[in-house]
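Let's take a walk through this model, from the whole chain down to single side chains. Have the viewer open as you read.

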Amino acid sequence: MTGLFDGLIGEAKDLLSPFPCRPLPTGRPAREGDPNQLLLRRDTAYELGEGSFPSVSFTAVTQDPQLAAEDGVFLWGRDLREIREDCAFARITVLRTDDIYAAGDQAAYNLIRTLEAQRFQVAPEGYMVRASALNNREQVRVSRKALRQGLSFANVGALLLCRLHANRHVLAAQVWFITLPEAPYRQLDALADRVSAVTRTLNHMLDDVSMDCRACEWKPVCDTVEGLKELHQRRVQKTETP
């Protein structure tokens, strides 16, 4: 099975390639806080991806070592202690897994959804994440106290890596943080929409294996993402085999 998200990961890398990137040390993880922590505006130094600024977040899975050879935290733009005001923000997570399709297409879909849901479950102390399952935005309030205590994207990224590796299928994880004002947020948001579309198309195939591709609303996705059409044909053949 060709990686369903490989082409999209490659496009994200191409979009960011003209901009300087800093690999960050993955040392001490940030202290984990209450997932329901409430950070008031008066205690907030600034907000990443605040409503009037671009904000993008998505997770993509691959089995290709060339797309995620090893763990890493990468930063395009200013680190948390270098930011002084609300700004644009993006977080992209690329995960290399084992052969998640070996246990069947439904198991692969369930794992993809589980890994995507991690963005709602990791809560560094003093780093209040507000993300919606209905869109690709991720807004983060960063506390003044956490910054005084040395919070950085390296700490936040290290905590995310720890949590992601709790899943035995994850072989490598990369977290990309982006705060550059001139980063291609609009194009990254369009990529995030396409990542979501691939996942929804996979779910549709699992629900209705006998669908007529000519009349299917997800046909444009299948036509542009290598692997989806192959997956559907394999499932159709399986159901037709006596």
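A residue is called buried when its relative accessible area is under 20%, exposed when that area is over 50%, and partly exposed in between (1.4 Å probe, protein chains only). R130 has a relative accessible area of 38%, so R130 is partly exposed.

Before going further, some ground rules. This is a predicted model, in which local features need pLDDT of at least 70 and side-chain atom pairs count only at pLDDT 80 or more, while totals for chains, interfaces and linings use all residues. Residues are numbered from 1 along each chain as its sequence is written, and side-chain values use heavy atoms, with hydrogens and water left out.

**The chain as a whole**

The chain has seven helices and eight strands; helices (H or I, at least four residues) and strands (E, at least two) are DSSP runs, numbered from the N terminus. Of the 242 residues in the chain, 52% are buried. Contact here means heavy atoms within 4.5 Å. If you take contacts between residues at least 6 apart in sequence, 83% of them join residues at least 24 apart.

**Salt bridges**

How many salt bridges does the structure hold? There are 11, counting a side-chain nitrogen of Lys or Arg within 4 Å of a carboxyl oxygen of Asp or Glu. Here are three of them.

| Salt bridge | Closest N to O |
|---|---|
| R91 and E138 | 2.9 Å |

With R91 in strand β5 and E138 in strand β7 (residues 138-143), the pair ties together parts that are 47 residues apart in sequence. Are these two buried or exposed? Both R91 and E138 are buried. Elsewhere, salt bridges that share partners join R41, E47, D86, R130 and R141 into one network.

**Back to R130**

R130 is found in strand β6. Leaving aside neighbours within four places in sequence, R130 is in contact with E47, R137, E138, Q139 and R141. The side chains of R130 and E47 also make a polar contact of 2.4 Å. A polar contact is a pair of N or O atoms within 3.5 Å; within protein, one must be able to donate a hydrogen and the other to accept it, and residues adjacent in sequence count only if both atoms are side-chain atoms. R119 is 11 residues away from R130 along the chain, and their C-alpha atoms are separated by 9.4 Å.

**E116 at the end of a helix run**

E116 lies in helix α2 (residues 105-116). Its relative accessible area is 16%, so E116 is buried. The E116 side chain makes polar contacts with the side chains of R113 (3.3 Å) and T199 (3.2 Å). Neighbours within four places in sequence aside, E116 is in contact with T59 and T199.

**Helix α4**

Helix α4 (residues 153-164) has 12 residues, 10 of them buried. Among the buried ones are F153, V156, L160 and L164. The buried residues of α4 pack against β1, β2 (44-48), β4, β5, β6 (127-131) and β8 (170-178).

**Cavities**

A search of the whole structure finds two cavities of 30 Å³ or more. On a 1 Å grid over the protein atoms alone, a cavity is a set of points where a 1.4 Å probe fits but cannot get out, and lining residues have an atom within 4 Å of a point. Grid points are joined across faces, edges and corners, and a volume is the space filled by probe spheres set on the points. The largest cavity has a volume of about 60 Å³. Its lining includes R91, E138, R119, V156 and L160. β6 and α4 each supply at least two residues of that lining.

Definitions and conventions. On a 1 Å grid over the protein atoms alone, a cavity is a set of points where a 1.4 Å probe fits but cannot get out, and a pocket is an open set with protein on both sides within 12 Å along at least five of seven lines; lining residues have an atom within 4 Å of a point.
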